[in-house]
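This briefing covers selected side-chain and helix features, grouped by topic. Please consult the sequence and the structure below while reading.

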Amino acid sequence: MLEKLKDICKNALCEINECQDLKQLNLLRVKYLGKKGPIQDAMKVMKDLDKEQRKVLGQVSNETKNDILEAIDAKTKKLEKQMLEKKLKKEAIDVTLPSFKPPLGTMHLTNQIIEEIEDIFVGMGYTIATGPEVETDHYNFEMLNLPKDHPARDMQDTFYITEELLLRTHTSPVQARTMLEYNGVGPVKIICPGKVYRRDDDDATHSHQFLQIEGLVIGEDVTMSDLKGTLEFYVKKVFGEDREIRFRPSFFPFTEPSVEVDVTCAKCKGKGCSMCKHSGYIEILGAGMVHPNVLGMGGFDPNKYQGFAFGIGPERIAMLKYGIDDIRQFYTNDLRFNRQFNLKY
Ligand code: PHE
């Protein structure tokens, strides 16, 4: 009988040793140590033995059970450790692997153009000012010498929110606001980039929302030739040294005198071709000397100070520079368009 128990133990240890998963190991536990197991079975002879023999058999069977139990426990621990190691290995992150590169967008062309223009003027000592897109009639019109019922208000088809509130039609209200901040003490040298809105029907050259960069300089000896020199410098930086500008008389209520500024045509350089309708020039911006009324309303003494102002349309600059024929391209978010203009990055 003792031999039989020895064999059972040997078989059990052998099977436990070979077992490779916890479920299987549990089955072995039931198989060897359960009520219907071989040890219990061997115990059936107990009733036919004398006291001394029973004692020995009882002891050996307990030892056998313990040995098997210990082997199972040890194996359980071993398998658990193996499983954990396997799991950790599977979940390990290899930091030396090449990383996933998220697709990067590009800065929108309009922002790139605004930055380019800002850089030029900041280089000339200008600071950048901003203001609200929802404006009051007061700053958008009145402070710019456009009282109610002034016929020139028709030039700027306005989105009104209430009778007094509107979507700004130009960035000029920022110059009105800035002038008041300076409390009548110059010099002032600012540019104001931002979105503006007009009740236009969208087509290739019109958009109900577009961009403007307003420029304003106020000082004690500011003249029209300063304006011309400034714009000439700007135009040559943006379009190239070989381009010239010219002034044509125009009208804006907030400037006197007012001018439209043209640049020589990129294609014919001023000789005249189909692109410039044979004029040799292409219109790029409006400008003028700040009207004394505007200086006065802004808190500056028009007898002491003069100023010039100009309004740049960044989309128009981009269209001329890159041959874009439809302003709506800037606002439809067509990635095929946007991706062509990765100028800086
Ligand atoms: N604010 C004018 C417009 O939008 C442009 C402009 C600005 C003209 C400054 C002259 C001087 O029409």
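Which residue lies over the face of Tyr281, and at what distance from the ring centre? Arg246 does so, at 4.0 Å from the ring centre; a charge counts as over a ring if NZ of Lys or CZ of Arg is within 6 Å of the ring centre and within 35 degrees of the ring normal. The model is predicted, so local features need pLDDT of at least 70 and side-chain atom pairs count only at pLDDT 80 or more, whereas totals for chains, interfaces and linings use all residues. Residues are numbered from 1 along each chain as its sequence is written, and side-chain values use heavy atoms, with hydrogens and water left out.

**Charges and aromatic rings**

- Lys228 lies over the face of Phe247, at 5.3 Å from the ring centre.
- The structure holds ten aromatic pairs, where rings of Phe, Tyr and Trp (its six-membered ring) pair if their centres lie within 6.5 Å, and planes under 30 degrees apart count as stacked, over 60 as edge-to-face and the rest as tilted.
- The rings of Phe300 and Tyr305 are an edge-to-face pair, because their planes stand at 90°, with the centres 5.2 Å apart.
- Phe300 is buried at 1% relative accessible area, and Tyr305 is buried at 5%; buried means under 20% relative accessible area, exposed over 50% and partly exposed in between (1.4 Å probe, protein chains only).
- One aromatic cluster is formed by Phe121, Tyr126, Tyr234, Phe308 and Phe310.

**Cysteines**

- A search of the whole structure finds zero disulfides, a disulfide being a pair of cysteine sulfur atoms within 2.5 Å.
- Cys265 is in no disulfide, and its nearest cysteine sulfur, that of Cys273, is 3.7 Å away.
- The closest cysteine sulfur to that of Cys273 is in Cys268, at 3.7 Å, which is too far for a bond.
- Cys265 is buried, with a relative accessible area of 0%, and Cys273 is buried at 12%.

**Helix α1**

- Helix α1 (residues 2–18) has 17 residues and spans 24 Å from its first C-alpha to its last, close to the 24 Å expected at 1.5 Å a residue; the expected span is 1.5 Å times one less than the number of residues.
- Helices here are DSSP runs (H or I, at least four residues), numbered from the N terminus.
- Leu5, Ile8, Cys9, Ala12 and Ile16 are buried in α1.
- The buried residues of α1 line one face of the helix, because they fall within an arc of 100° seen down its axis; the arc is that of the directions from the helix axis to the C-beta atoms.
- These buried residues pack against α2 (22–33), α3 (38–43) and α4 (51–91), contact meaning heavy atoms within 4.5 Å.
- Glu3, Lys6, Lys10, Asn17 and Glu18 are exposed on the other side of α1.

Technical notes:
Helices (H or I, at least four residues) and strands (E, at least two) are DSSP runs, numbered from the N terminus.
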